[in-house]
Amino acid sequence: MTSKNWIRRDFLKLSTSLVTAPAFLSACETNAQNSAQSAGRKPIIISTWNHGLDANKVGWEILSTSGSALDAVEKGVMVVESDPKVQTVGLGGFPDREGNVTLDACIMKGDGGCGSVAFLKGIKNPIAVARKVMEETPHIMLVGDGAKKFALAQGFKEENLLTEASKKRYEEWLQKADYKPQINIENHDTISTLALDAAGNLAGACTTSGAAWKMYGRVGDSPLIAAGLFVDDEVGAACATGLGEAVIRTAGSAMVVEMMRQGKSPSEACIEVVERIRRKHKTLKDLQVGFLALNKDGNFGAYSIHKDFTYAVSTDDGHVMDMAPSLFE
Ligand code: SD4
């Protein structure tokens, strides 16, 4: 499917895990839905992938009781980080090729405040550590041993993040040992969440265990402000999922926000940056990237290279799942 076709309504095929979603929306700002979207929704929270629904439900509880976008995104993604069944984030995340679970996360407010951790081991909620970096230090980013030392000093508990299920998958991979990043194709799905609260403040959070079987020390886009996440109250917010190297190369999320600043809708902004990624790569086979964008008026959009990029949207109309339109079917 080409970007020209992005206005086609693309409904998600229900998976058993999503049967509880009360309704489905199109990702695009078109036709009947466009009128709903163009009015904007506030408060609103949107999150990547099927597990985004779990994050949204917790985030929505906060937003719907006049809580802040910052609390909503942090507490929302923590649910997914703490779920050992999600093997792409936090506890139970797939390890690197040496068997270490290393986590990346960042959080950002629309006033420019932000915090980040990368290559963090043994702490299941890196997003909460990232928030502490933002609030308790003069810095934005802590990595590796420094991030862990800081987390422990802040009272976070160290634990073994490699679950038996993820260890088993790692051992199976070792038998093959044919490393090649296959983001999202091997179901490697970062949770990224954007929210606009009733007071009109934006915030975002992005957290991941990164590419499965990555090289020791590899850090992707997810903890990088401007790549995995960018938020500006003057314009809107954007976040990414997919192959981090491709997102970093295009300063993905910041670029989506800048496109919105220049007047593009959230959907158009996501398409524009996916097109840039297309131009920077010889082949897009096996290269998945998806963006979510939310503007300050509460309009949202999404777009990905390959199909099957699902996301959750929660407003006072309820929780819905949708699938982003994509460059390729
Ligand atoms: C990374 N962007 O580490 C992350 C992985 C991801 O959906 O988002 N997967 O490259």
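Helices (H or I, at least four residues) and strands (E, at least two) are DSSP runs, numbered from the N terminus, and two strands pair if DSSP finds at least two bridges between them. This is a predicted model, where local features need pLDDT of at least 70, side-chain atom pairs count only at pLDDT 80 or more, and totals for chains, interfaces and linings use all residues. Residues are numbered from 1 along each chain as its sequence is written, and side-chain values use heavy atoms, with hydrogens and water left out.

**Strand β12 and its partners**
- A hairpin of two residues links β12 to β13.
- β12 (residues 310-315) and β13 (residues 318-323) run antiparallel and are joined by six bridges, with S314 opposite H319.
- β12 also pairs with β2 (residues 44-48) in the antiparallel sense, over four bridges; here S47 stands opposite A312.

**How β12 is covered**
- Six of the six residues of β12 are buried (under 20% relative accessible area; exposed is over 50% and partly exposed in between, with a 1.4 Å probe and protein chains only).
- In a regular strand, side chains alternate between the two faces of the sheet.
- In β12, T310, A312 and S314 are buried on one side, and Y311, V313 and T315 on the other.

**Helix α5**
- G144, A147, K148, F150 and A151 are buried in α5 (residues 144-153).
- These buried residues line one face of α5, because they fall within an arc of 160° seen down its axis (the arc of the directions from the helix axis to the C-beta atoms).
- The face turned away from the buried side of α5 carries exposed D145, K149 and A153.
- The buried residues of α5 pack against β4 (114-120), α4 (126-136) and β5 (141-143), where contact means heavy atoms within 4.5 Å.
- After α5 comes G155, with a positive phi near 100°.
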